[in-house]
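Student: I'd like to learn how to read the features of a model like this one. Let's go through it piece by piece.

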Amino acid sequence: MKRKVLTETDDGKIWLLVLESGEEVKKTLEGFATREKIEAASFIALGAFQRATLGYFEWDKKTYKKIPVEEQVEVVTLAGDIVAGETGKPSLHAHTVLGRSDGSTRGGHLLEGIVRPTLEITLTQSPAHLVRKPHPELGLALIEPT
């Protein structure tokens, strides 16, 4: 991953991150947030994946149904946030729309995305300290803005 600080204020930084072929998005961004001690951030991205796994939250089962995408796709949009989980480690939550070669799309919660050839990310650090807490009745961990 290549990176550059675009702007820096007392409230945080705005980064340009460029992922390269073979990098997995979630692991790479969570690792970056750990190294940079980022407690809260949002991001948007464009690029392409060689393959991905999306998720659709099945309310009645309280789990994600996996949707494999086993083909080269354009990342039409990828948006999400990074917030500390209860353990203090960064936790990424992202949704994406992927464009297929016939012009159709697949979309959902990003479970895994393997970059090829690149993914360009604008990550904006937030000064807020936020935590994602589990809600057993929902089967999800959600941001607690208090």
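Student: Let's start with a single residue. Lys37: buried or exposed?

Tutor: The label comes from relative accessible area: under 20% is buried, over 50% exposed, and partly exposed lies in between (1.4 Å probe, protein chains only). Lys37 comes out at 69%, so it counts as exposed. Before we go on, keep in mind that this is a predicted model: local features need pLDDT of at least 70 and side-chain atom pairs count only at pLDDT 80 or more, while totals for chains, interfaces and linings use all residues. Residues are numbered from 1 along each chain as its sequence is written, and side-chain values use heavy atoms, with hydrogens and water left out.

Student: Where is Lys37 placed, and what is its phi?

Tutor: Elements here are DSSP runs numbered from the N terminus: helices are H or I with at least four residues, strands E with at least two. Lys37 belongs to the loop between helix 1 and strand 3. Its phi is near 55 degrees, a positive value in a residue other than glycine.

Student: Which residues of helix 1 are buried?

Tutor: Here's the general idea: an α-helix has 3.6 residues a turn, so residues three or four places apart point the same way. In helix 1, the buried residues are Val25, Lys26, Thr28, Leu29, Gly31, Phe32 and Ala33. Their cover includes strand 1 (2-9), strand 2, strand 3, strand 5, strand 6 and strand 7. At the helix start, a side-chain oxygen of Glu24 comes within 3.1 Å of the backbone nitrogen of Lys26.

Student: How do I read ring pairs, and how many does the whole structure have?

Tutor: A pair of aromatic rings is described by the distance of the centres and the angle of the planes. Rings of Phe, Tyr and Trp (its six-membered ring) pair if their centres lie within 6.5 Å; planes under 30 degrees apart are stacked, over 60 edge-to-face, and the rest tilted. A search of the whole structure turns up 3 aromatic pairs. Take Trp15 and Phe32: their centres are 4.9 Å apart and their planes at 90 degrees, so they meet edge-to-face. Trp15 sits in strand 2 (residues 12-20) and Phe32 in helix 1 (residues 25-35), so the pair ties together parts 17 residues apart in sequence. Trp15 and Phe32 are both buried. Phe57 and Tyr64 are edge-to-face as well, because their centres are 5.2 Å apart and their planes at 65 degrees. Phe57 is buried at 18% relative accessible area, whereas Tyr64, at 30%, is partly exposed.

Student: Which residues do ring pairs link into a cluster?

Tutor: Phe57, Trp59 and Tyr64. There's a charge to look at too: it sits over a ring if NZ of Lys or CZ of Arg is within 6 Å of the ring centre and within 35 degrees of the ring normal. The charged end of Lys62 sits over the Trp59 ring, 3.7 Å from its centre. Lys62 itself is partly exposed, at 25% relative accessibility.

Student: How many residues lie between strand 3 and strand 4 in their hairpin?

Tutor: There are 4, and Lys62 in the turn has a positive phi of about 60 degrees. Strands pair if DSSP finds at least two bridges between them. Strand 3 and strand 4 run antiparallel and are joined by 7 bridges; Tyr56 faces Lys65 of strand 4, and Ala52 has Val69 as its bridge partner.

Student: What else does strand 3 pair with?

Tutor: Strand 5, antiparallel with 9 bridges, with Ala48 opposite Glu74. Strand 7 pairs with strand 3 in the antiparallel sense over 13 bridges, and there Gly55 has His109 as its partner. Strand 7 also holds Pro117, where the peptide bond from Arg116 is cis, with omega near 0 degrees.

Student: How many residues does the largest nonpolar core have?

Tutor: In soluble globular proteins, nonpolar side chains tend to be buried together. A core here is a set of buried Ala, Val, Leu, Ile, Met, Phe, Trp, Tyr and Cys residues joined through side-chain atoms within 4.5 Å. The largest has 28 residues, and those with the most contacts inside it include Val25, Phe43 and Ile121. Strand 3 gives the most to this core, with 6 residues. As for contacts (heavy atoms within 4.5 Å), Ile121 touches Trp15, Leu29 and Phe43, among others, not counting residues up to four places away in sequence.

How values were computed. A polar contact is a pair of N or O atoms within 3.5 Å; within protein, one must be able to donate a hydrogen and the other to accept it, and residues adjacent in sequence count only if both atoms are side-chain atoms.
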